Amino acid sequence: SAKDPLRREDMTVDPISILNSLLTARKPVDSNRLTVNGLEVYAIDDELSTPLAVSESFFEGDRRAAHGRVEADYHDRFMEAVNAIHTVWGPPCFQSIPVPSFPYTDNEPKSFEEDMYWRGAVALAYWRKAGHLAYVCVEHQDVELPYCFLLGTKPDGSYQAEPDNARESPS
């Protein structure tokens, strides 16, 4: 049977439906977690995100050999979600594998891309919707740590200086 990278447990995942639900969801006052359409959602400040897949870590010797396969699988998941969203919402405002690097400073991130880079994003695409950035992301913070495929939303205009023009890398 062919793999279906946009599946979570026994549930088919529709990235548009999830992002639309996150766009209308509200963080509970007394918790940093909520459930939206059966998915566990994490609320940090004014950002909502839901991990759709988390790989195993790569500390064990036999798992290290799997790193390249897992990386390719998570990039496939990312591209499948981006393509599904693109057919409904049009091209993303930003899309990149890998996410461009940013020099370290003591200042707050000046853009969503910079913020996500420092959070370990290795693949990122986002759209501007309903006053928010609706995003698809793959995070991988260190060679031995798991990959995480997630969808999320964050209010637009949260940064000191958003990019002047939309950058998109070739697919």
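Modeller: Arg119 is partly exposed, with a relative accessibility of 26%, where buried means under 20% relative accessible area, exposed over 50%, and partly exposed in between (1.4 Å probe, protein chains only). The model is predicted, so local features need pLDDT of at least 70 and side-chain atom pairs count only at pLDDT 80 or more, while totals for chains, interfaces and linings use all residues. Residues are numbered from 1 along each chain as its sequence is written, and side-chain values use heavy atoms, with hydrogens and water left out.

Arg119 forms a salt bridge with Glu47, their closest N and O atoms being 2.8 Å apart; the term means a side-chain nitrogen of Lys or Arg within 4 Å of a carboxyl oxygen of Asp or Glu. This pair links distant parts of the chain, as Glu47 is in strand 5 and Arg119 in the loop between helix 4 (112-118) and strand 7 (121-129), 72 residues apart. Helices (H or I, at least four residues) and strands (E, at least two) are DSSP runs, numbered from the N terminus. Glu47 itself is buried, at 7% relative accessible area.

Asp46 forms a salt bridge with Lys154, with 3.7 Å between the closest N and O atoms. Because Asp46 lies in the loop between strand 4 (39-44) and strand 5 (47-54) and Lys154 in strand 9 (residues 148-155), the pair ties together parts 108 residues apart in sequence. Asp46 is partly exposed at 41%, whereas Lys154 is buried at 9%. Together with Asp115, the residues Asp46, Glu47, Arg119 and Lys154 are linked in a network of salt bridges.
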